[in-house]
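Please have the sequence and the model open side by side while reading.

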Amino acid sequence: MATEQELSDFLKSVERRAFKRTYYHVRNEESALDIVQDSMMKLAENYGDKPVAELPMLFHRILGNTTLDWFRRQKTRNALFSNLGDFEGPDGEGGDFDLLEIHAGPPEGEPSQSAEDVVRRRQVLKNIETEVEALPPRQREAFLLRYWEELDVSETAAAMGCSEGSVKTHCFRAVQALSRALKAKGISL
């Protein structure tokens with residue numbers, strides 16, 4: 001059974017990635033924060049007594065379901081109320097938080113890079129982020145769970161509520177789409 005400290009440590013370890021993943025889905029910073037917070041509360045309230053090893057799968061399943069609930073509420077609200085402000089996208093600059101920014105500078109102890117290298121790296125990371133956002137929702141979810149959250153195929157399938165074969169298919173298609181899109185932009189990894 002997870003102790004209070006273990007649960008707290010787990011939630012701290014997933015909060016930023018969960019926010020970024022949710023932001024990719026809903027494309028609204030405040031909504032993404034609300035969804036992640038709600039998911040964390042549900043995990044703590046309903047599953048805080050589960051073993052630590054089960055927390056990642058449970059959390060990702062809760063996060064996925066909470067995100068789906070948000071989309072259902074948006075669909076219902078949009079059917080009842082039409083407001084042009086709801087159709088505005090993010091400001092293009094992103095929010096104050098960007099997990100990929102940690103890769104923008106050299107690690108401590110290494111010589112600093114030129115401004116040109118830093119700008120080039122940020123542009124590449126922004127292009128990658130844009131292409132991940134452009135993936136179809138199920139492909140994006142499978143890709144982020146497998147390669148960002150580092151869940152194995154069975155854990156990803158459980159979190160997404162689909163078969164392992166579907167996870168493999170979604171991941172394959174996502175990698176192919178990202179590869180084509182990045183090559184078209186002259187980015188080779």
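At what angle do helix α5 and helix α6 pack, and how far apart are their axes? In this predicted model, helix α5, which covers residues 137-148, and helix α6, which covers residues 153-160, meet at an angle of about 135 degrees, and their axes lie 10 Å apart. Because an angle counts as roughly antiparallel when it is over 145 degrees, α5 and α6 are therefore described as oblique to each other. Their crossing is right-handed. From α5, the residues that make this contact are R138, E141, A142, L145 and R146, and from α6 they are V153, T156, A159 and M160. Sorted by class, the contact of α5 with α6 consists of 5 nonpolar, 1 polar and 3 charged residues.

The setting of this pair is a protein with 7 helices and 0 strands, so that its elements, read from the N terminus on, run α-α-α-α-α-α-α. Of its 189 residues, 35% count as buried. Among the contacts between residues at least 6 apart in sequence, 66% join residues that are at least 24 apart.

With 12 residues at 1.5 Å a residue, α5 should span 16 Å, and the end C-alpha atoms of α5 are 15 Å apart, which agrees. Within α5, the buried residues are Q139, R140, E141, A142, F143, L144, L145 and W148. After α5 comes E150, a residue with a positive phi, near 60 degrees.

A further partner of α5 is helix α1, which covers residues 4-26; α1 and α5 pack at an angle of about 165 degrees, with their axes 10 Å apart. That angle makes α1 roughly antiparallel to α5, and the crossing of α1 and α5 is right-handed. On the α1 side, the contact is made by R17, K20, R21, Y24 and H25, while on the α5 side it is made by P137, R140, E141, L144, L145 and W148. By class, the contact of α1 with α5 has 5 nonpolar, 1 polar and 5 charged residues.

H25 has its place in helix α1, and H25 counts as buried because its relative accessibility is 11%, the cut-off for buried being under 20%. If its neighbours within four places in sequence are left aside, H25 is in contact with T67, F71, P137, R140 and E141.

The last stop is the loop between α5 and α6, where L151 has its place. L151 is buried as well, with a relative accessible area of 5%. Not counting residues up to four places away in sequence, L151 touches P56, H60, L145, R146 and T156. As for H60, it lies 91 residues from L151 along the chain, yet the C-alpha atoms of L151 and H60 are separated by 9.8 Å.

Conventions. Residues numbered from 1 in each chain as written. Predicted model: local features only at pLDDT ≥ 70, side-chain atom pairs only at ≥ 80, totals over all residues. Heavy atoms only, no water. Axes fitted to C-alpha atoms, helices over the stretch in contact; angles between N-to-C directions. Helix = DSSP H or I, 4+ residues; strand = E, 2+ residues; numbered from the N terminus. Parallel < 35°, antiparallel > 145°, perpendicular 65-115°, else oblique. Left-handed = near helix turned anticlockwise from the far one by under 90°. Contact = heavy atoms within 4.5 Å. Nonpolar A, V, L, I, M, F, W, Y, C, P; charged D, E, K, R; others polar. Expected span 1.5 Å × (residues − 1). Buried < 20%, exposed > 50% of the residue type's maximum accessible area, 1.4 Å probe, protein only.
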